[in-house]
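Hi everyone, thanks for coming. I'd like to walk you through a model and talk about its ligand and its sheet.

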Amino acid sequence: MPNKNNIAEHTMIKAKISDLDYIVDLHIKYIGDSFFTYLGRKFLKIIYSELILSKYASTYLYAVDNKTIGYISFVLNKKIIFIKILFTRCLSIIFCLNFKTFLKCIFYCFNSMGYILKKQYCKSELLFIAVDDTYRNNRIASKLIDLAEIVMRQNNIFKVQVSINDDNFVSQNLVKDNKYIFYKLFNFYGKKMRMYYKLL
Ligand SMILES: CC(C)(COP(=O)(O)OP(=O)(O)OC[C@H]1O[C@@H](n2cnc3c(N)ncnc32)[C@H](O)[C@@H]1OP(=O)(O)O)[C@@H](O)C(=O)NCCC(=O)NCCS
């Protein structure tokens, strides 16, 4: 509800596990063109539960008058998160995939191992960001990025990377507008991606 001055109230809060379904809905709706989406809703729930609960990751929600209209998920240490998911959630992942996506997942995991474990600019990364399309172009994503950077600095992290599909020009403009610098072009699960970085 708008406050007494009739101005919408904007808040950013840390996501809880009870927000999981809603975040996954937003991911499927707005980040459909990603390897993670291809692996299905159950897989996304496993990944996001880690991004909400792990001390090496965070997810923050953006709400207008208590209605969630966007979120950002980021990792403080990508390797730890990846290895933890691989070893502790391996069975849940196997059972949530069908045969075809399971084979693809194995192929992509091996194919991307070098990328995930070696060719990184740094350990911390902005992973996912989305804003409801009726609220776009109000600098909401930029505020979520600012918040992620503050949390990183509070955790003594002073550099961050972000990887974006080569054809996602809006997100590339978003990160460039937020002072991210192009680092390199690379292939990930058969797609051309652009990595950007920023010193915090
Ligand atoms: C990318 C996204 C999060 C941007 O959200 P947003 O709140 O509209 O972004 P902002 O208002 O903070 O935009 C900041 C800058 O990004 C750029 N930008 C944003 N929307 C743009 C558009 N439609 N076209 C070109 N540039 C755009 C501009 O440089 C803008 O700066 P300006 O306001 O001075 O013009 C939103 O478009 C979205 O949810 N897209 C789908 C999900 C997605 O692709 N996520 C990224 C992959 S995980």
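Let me start with a term: a residue counts as near a molecule or strand if its C-beta atom, placed from the backbone, lies within 6 Å of it. Please keep in mind that this is a predicted model, where local features need pLDDT of at least 70, side-chain atom pairs count only at pLDDT 80 or more, and totals for chains, interfaces and linings use all residues. Residues are numbered from 1 along each chain as its sequence is written.

So, the ligand. It has 19 residues around it, and Arg-136, Ala-141, Ser-142, Asn-173 and Leu-174 are the closest. Where do they come from? Helices (H or I, at least four residues) and strands (E, at least two) are DSSP runs numbered from the N terminus. Strand S4 (125-131), helix H7 (140-154) and helix H8 (169-177) each give at least two residues to the shell, and H8 has the largest share, five residues.

Now the sheet. Two strands pair if DSSP finds at least two bridges between them. Seven strands make an open sheet with mixed pairing, ordered S1-S2-S3-S4-S5-S7-S6. At the edges, S1 (10-14) and S6 (181-188) each pair on one side only. Strands S2 (residues 57-64) and S3 (residues 67-75) run antiparallel, joined by eight bridges, and Tyr-60 stands opposite Ile-72 in S3.

Finally, helix H3 (residues 41-53) lies across S2, S3 and S4, with contact meaning C-beta atoms, placed from the backbone, within 7 Å. H3 runs at about 90 degrees to S2; axes are lines fitted to C-alpha atoms, for helices over the stretch in contact, and angles run from 0 to 180 degrees between N-to-C directions.

Note on methods. Contact = placed C-beta atoms within 7 Å.
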